[in-house]
Amino acid sequence: MSKDNNSLSYVATAAVSGGLFGLGLYVSQMVDPLKVLRFLDVGAIPSGGWDPSLAFVIVPAILVAFIGNRFAKGLKAPLFNGHFHLPDLKDIDAPLVLGAALFGIGWGMSGICPGPAIALIAFVPHNLLVFLVAMFAGSFAGNHVLKWMTRRPAIA
Amino acid sequence: MEFFSPVPATIGGVLIGLSAAILWIGNGRIAGISGIFGRILPPTGPVRWRLAFLVSMVAMAGLGALAFPGLGVGGPGAPAPQLIGDPLWLAAAGLLTGLGTRIGNGCTSGHGVCGLARLSLRSAVAVAVFFSVAMITVAVTGVV
């Protein structure tokens, strides 16, 4: 069996995985930015206007992914590739915290994180293209910011 | 809690978890959407599987709405999803989302689902930061 990044089974597995992800985003309604914002709006808890649905999406997602991970520990390699692509980053560093904070601001402004941003293409909502172009530009720019940040010696 | 929908939320969450499990067991890849689209841009990694993932994700979101209409927004007979804010607001939000997820190397899926499932401390820190900052942003901007 071919184990390269372009084998049919490899690309097909990615398509199946992406399909389940997109279906999950629609069924859970995480494609609705307003629903996500109603979760993030914890100030509405006392008035009863809070929507805890997002927690009911992410917790089962983590549990199922956790079981998948446990299963994978019994494998020497993934089924269709030579090795597991673990991120080689380990440290809690400035780029991690700064990046998460910047993303948090963007997410709180819009209720749109990257998965829904792309899945929303299916529903062509008004102004989506503006968000997507900006998100791609930000990601592209982020490569250079990251290079600049990690080239500097640590202050402490 | 008039908008709370625990059953579809849980089913959708299980589907997303299955997606992550399949990509990890099959291909040894993390189902992190910011990483997947970010590496389609230069400097690129392998592109074909990433494109297959993203195209299928869009297609199945749309087909899901056709097959299971009326869960909320999207699809026939349902209102279209509404993006909140004017174009300038959305451009700023999109820019921060792209920039932040690239610098922090992950988003709600990569850190939130896959990272926590791997019990990664880095991801736990990222998740704590972006959830709390997003909640503060909502409180401050009052977009809801």
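Helices here are DSSP runs of H or I with at least four residues, numbered from the N terminus. With that in hand, chain A reads α-α-α-α-α-α from its N terminus on. That comes to six helices and zero strands. Chain A is also more spread out than a compact globule, because its radius of gyration is 19 Å, well over the 15 Å that the globule rule gives for 156 residues.

Keep in mind that this is a predicted model. The scores are ipTM 0.97 and pTM 0.95. For chain B, the mean pLDDT is 95, and 100% of its residues reach 70 or more.

**The two chains**

Chain B also has six helices and zero strands, and its elements run α-α-α-α-α-α from the N terminus. Here is how some overall values look for each chain.

**Where they meet**

The nonpolar theme carries on inside. In soluble globular proteins, nonpolar side chains tend to be buried together. In this model, the largest nonpolar core has 90 residues, and those with the most contacts inside it are Val31(A), Ala65(A), Phe131(A), Ala20(B), Ala61(B), Val113(B) and Phe130(B). The helix that gives the most to this core is H1(B), residues 6–27, with 10 residues.

Setting aside neighbours within four places in sequence, Ala61(B) is in contact with Gly22(A), Leu23(A), Leu25(A), Tyr26(A), Val31(A), Ala119(A) and Ala122(A). One of these partners, Val31(A), is also among the residues with the most contacts inside the core.

**Two helices of chain A**

Start with H4(A), which runs over residues 94–110. The helix has 17 residues and reaches 24 Å from its first C-alpha to its last, close to the 24 Å expected at 1.5 Å a residue. H4(A) is mostly covered, with 13 of its 17 residues buried. What follows H4(A)? Gly111(A) does, and its phi is positive, near 75 degrees.

Now for H6(A), residues 128–151. At 1.5 Å a residue, its 24 residues should span 34 Å, and the end C-alpha atoms are 35 Å apart, which agrees. The buried residues in H6(A) are Phe131(A), Leu132(A), Ala134(A), Met135(A), Gly138(A), Ser139(A) and Gly142(A). What do those buried residues pack against? Within chain A, they pack against H4 (94–110) and H5 (114–119); from chain B, they pack against H2 (33–38) and H4 (87–103). Phe131(A) turns up again among the residues with the most contacts inside the largest nonpolar core.

Most residues other than glycine have a negative phi, and most peptide bonds are trans. Against that background, the loop between H5 and H6 of chain A deserves a look.

Val124(A) sits in this loop, with a positive phi of about 30 degrees although it is not a glycine. Is Val124(A) buried or exposed? Val124(A) counts as exposed, because it has 11 C-beta neighbours inside 10 Å and the cut-off for exposed is 12 or fewer.

Asn127(A) lies in the loop between H5 and H6 of chain A too. Its phi is positive as well, at about 75 degrees, although Asn127(A) is not a glycine. With 17 C-beta neighbours inside 10 Å, Asn127(A) counts as partly exposed, since a residue needs 20 or more to be buried.

Technical notes: Residues are numbered from 1 along each chain as its sequence is written. Chains are lettered from A and ligands numbered from 1 in the order in which they are written. This is a predicted model: local features need pLDDT of at least 70, side-chain atom pairs count only at pLDDT 80 or more; totals for chains, interfaces and linings use all residues. The expected span of a helix is 1.5 Å times one less than its number of residues. Two residues are in contact if their C-beta atoms, placed from the backbone, lie within 7 Å. pLDDT is the predictor's confidence in each residue, from 0 to 100. The radius of gyration is taken over C-alpha atoms; the globule rule is 2.2 Å times the number of residues to the power 0.38. A nonpolar core is a set of buried Ala, Val, Leu, Ile, Met, Phe, Trp, Tyr and Cys residues joined through C-beta atoms within 7 Å.
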